[in-house]
Amino acid sequence: MAQERSGGRTNAMLLHVLLALAPIVQTPPSRTLVFDAPAKHFTESLPIGNGRLGAMIFGGIEHERIVLNESTMWSGSKQDADRKDAHEHLAAIREKLFAGDGRGAQELLQQHFTCAGSGSGYGNGKDVAFGCYQTLGELVLEFGAGEATDYRRTLDLGTAQAKVAYTQNGVRFEREALASGPDQVLAFRFTASKPGSISLRAKLVRKESSLVALAGRDLVLAGELASGQKDVHGVQYAAGLRALAKGGAHSYDGEFVSVRGADELVLLVAARTNFVSGTDATRAVGDLDRAATKSWSELAERQATDHRAFFDRVALELPRGPSADRTTPERLAALERGEEDPDLAGLLFDYGRYLLISSSRPNSPLPANLQGLWAEEYQTPWNGDFHININLQMNYWPAEVAALGDCTEPMLKLVEGFVEPGRKTARSYYGARGWVAHVITNPWGFTSPGEGADWGSTCTGGAWMARHLWERWLYSRDPAVLERIYPTLRDAALYFDDMLVEEPTHQWLVTAPSNSPENAYLDAQGRGVNTCMGPTIDQQIVRELFGAVITASEALGADPELRAELTAKRARLAPHQIGKHGQVQEWLSDYDEAEPQHRHVSPLFGLYPSDQIDPRTTPELARAARVTLERRGDASTGWSLAWKIAFWARLGDGDRAWKLAKLLLKPSSASDPLRYHGGGTYPNLFCAHPPFQIDGNFGASAAVAEMLLQSHGAELAVLPALPKPWKDGRLRGLRARGDLGVDLAWKDGKLTELVLHSPTPRDVKVRVGDEVRTVRAE
């Protein structure tokens, strides 16, 4: 428990702190998505997942479509996409950049410095070696006809269970759906108020690369995805469906399981691929066998207990608006009309936590992708891949602060998997030691530049991912974590140790060539150019990486010579610059942007997620960051809005952050794409890029946390960006860097309770507004 100290004595008056012996939040608020009609579109359906298996519940009455997912359903295969002679052209490319000829450098890059082959297929990689994340298929259910009334469809975030209920022909029907982590199945139960009322036909459907057959008691869907390479096998998969009925009769009718007159029915779906060695159809049937031995109550209790072990770590209460008890789409519409509903921010925060728990568990084979776990397509937008110029990073921004650090394990393993292929890429393109990864990647270890020089040459994607390893250490302070991550961090730094070059004007050390992610500047001829050297975000990422390796090597007593070299080079990196508009300059020269409102706000990486720009330690840069944000504007794509909310939180402007959060929560409709042109929120709270991209959900969760707690630098900032409408609230379980747990409460905008938890008692500097006091963490 925390105690605030002043001159060594407890002082309960300062900072309005009331030291509480009881937990700040006794029970978490109800967190449920509510609908009064079946889903017509994917972005109205309800997601469930166990970190590997997922499903989307539409809740149809006469015809139900349940989209099925398995996280390793990837086409493509391992390939060598490096150009072996690319490094021979590096000097010529740099000479163009030194001479101010970015256009000429970009042309050389396109000719000699992109990946070999087709790369990602320009985002359509289903049938090429890069591959694409795909749907597993669908569970299709056919019911009897009849008008339904009193319809309700819900998703309880606390239990991770979805339900559908309606009355038809005088009978109340209920359906329940869950994705079990302990039992590794998707489970669906069907009950009715009148015995003998459950009748349906069920089948597994996949439009491509599939065959359905009866195997014993199960319908089995199996196939092989395209590898994109001749004579190379793709991922092989199998999914099984088993019906467990009480009463009535069931039979197999071709591709269907038919159930007639049952009192209760449970359908189990299991799926496996051979992405993990030794996993095949036999194991999927084994999952069904084990789950079938348990009652529904056992399955549901095991699943809910497993989920709560993650979800109940944190609880947030914010003021509820007048429409808080209405359906989720109605709440979104009311907010758009001007009704204040701060609790929607709480729901958005918890939804992001829910989605991360559901798509990325400690034992998940892959991290959350661009759509987390949920996709209905065979050619998913942008391949449903791992973009590493912000998107995969944003997926994991809320993990540490929301006490889900263990859920980063699949992402950490992906980054560690970059090292071997990334070493080859570093040698082929830069003649450098260490490892590099650029902009896009997949489960097959793709680290080459992308196929387009205008976007695919960003060279700091891997280093940005590596900072998440460092964050794992900063939050946990676990010596075993430091031992584990150091080799990966060190070798990422070795690449830049060799790759950095001295630019001719100031003799600063810069990256070259590179891009400021996906953005273009206007050259002297007014042409849009992407290729550059030393964009601000690169310098910030390298500065942070070098600092992490320096600190880690000191702590471990390792690599003193490298430490000295990185220290010297870090001091020579191009500094932040303020441009002619008063903005944080995005490029080494003060170019104007080809698109001033571009979605990537890359020069403010140093503001968030990094802390190199700070209102207190670098006030001039913080003012310039504000100018950058004003020039970019508020409206943007979904994930960009989430990032901007975090920026305004870091600048201490809670009201502006809430304004942008309401923009992010603006209703977007899949059936009416002209409803809202920028980012927003679909009826099921999925983030609209558009189309659906899950990074905005995760970024929003992180941004809400940043409004309430910041742990950058030497201070813990409590309620640093509290909007006026969020005047009362309670929070339990957030994590701060330094292995701290934080509980707090506030009333009328003033902190009333604060409890800090630490494995070892220590004093912590805490800032509330302009006051800083020492608080005892125990």
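1. Two strands are said to pair if DSSP finds at least two bridges between them. Helices (H or I, at least four residues) and strands (E, at least two) are DSSP runs, numbered from the N terminus.

2. This is a predicted model, in which local features need pLDDT of at least 70, side-chain atom pairs count only at pLDDT 80 or more, and totals for chains, interfaces and linings use all residues. Residues are numbered from 1 along each chain as its sequence is written, and side-chain values use heavy atoms, with hydrogens and water left out.

3. Strand β30 (residues 729-736) pairs with β19 (residues 315-317) in the antiparallel sense, over three bridges. Within that pairing, Arg 730 of β30 is the bridge partner of Glu 317. β30 also pairs with β31 (residues 740-747), again antiparallel, over six bridges; here Leu 734 has Val 742 of β31 as its bridge partner. β30 and β31 make a hairpin with three residues between them, and Gly 738 in the turn has a positive phi of about 95 degrees. Six of the eight residues of β30 are buried (under 20% relative accessible area, with a 1.4 Å probe and protein chains only).

4. Helix α11 (461-476) has 16 residues and spans 24 Å from first C-alpha to last, close to the 22 Å expected at 1.5 Å a residue (1.5 Å times one less than the number of residues). Because 16 of its 16 residues are buried, α11 is largely enclosed by the rest of the structure.

5. The largest pocket holds about 760 Å³ of space. A pocket is an open set of points on a 1 Å grid over the protein atoms alone, where a 1.4 Å probe fits, with protein on both sides within 12 Å along at least five of seven lines; lining residues have an atom within 4 Å of a point. Its lining comprises 34 residues, with Arg 616, Ala 717, Pro 720, Arg 767 and Gly 769 nearest the centre.

6. The second largest pocket has about 630 Å³ of space. Of its 31 lining residues, Leu 474, Asp 611, His 712, Gly 713 and Arg 737 lie nearest the centre. α13 gives the largest share of this lining, six residues.

7. Thr 380 sits in the loop between α6 (343-359) and β20 (386-387). Thr 380 is buried, at a relative accessible area of 0%. Beyond its neighbours within four places in sequence, its contacts include Gly 123, Cys 132 and Tyr 133 (heavy atoms within 4.5 Å).

Technical notes
Points joined across faces, edges and corners; volume = space filled by probe spheres on them. Buried < 20%, exposed > 50% of the residue type's maximum accessible area, 1.4 Å probe, protein only.
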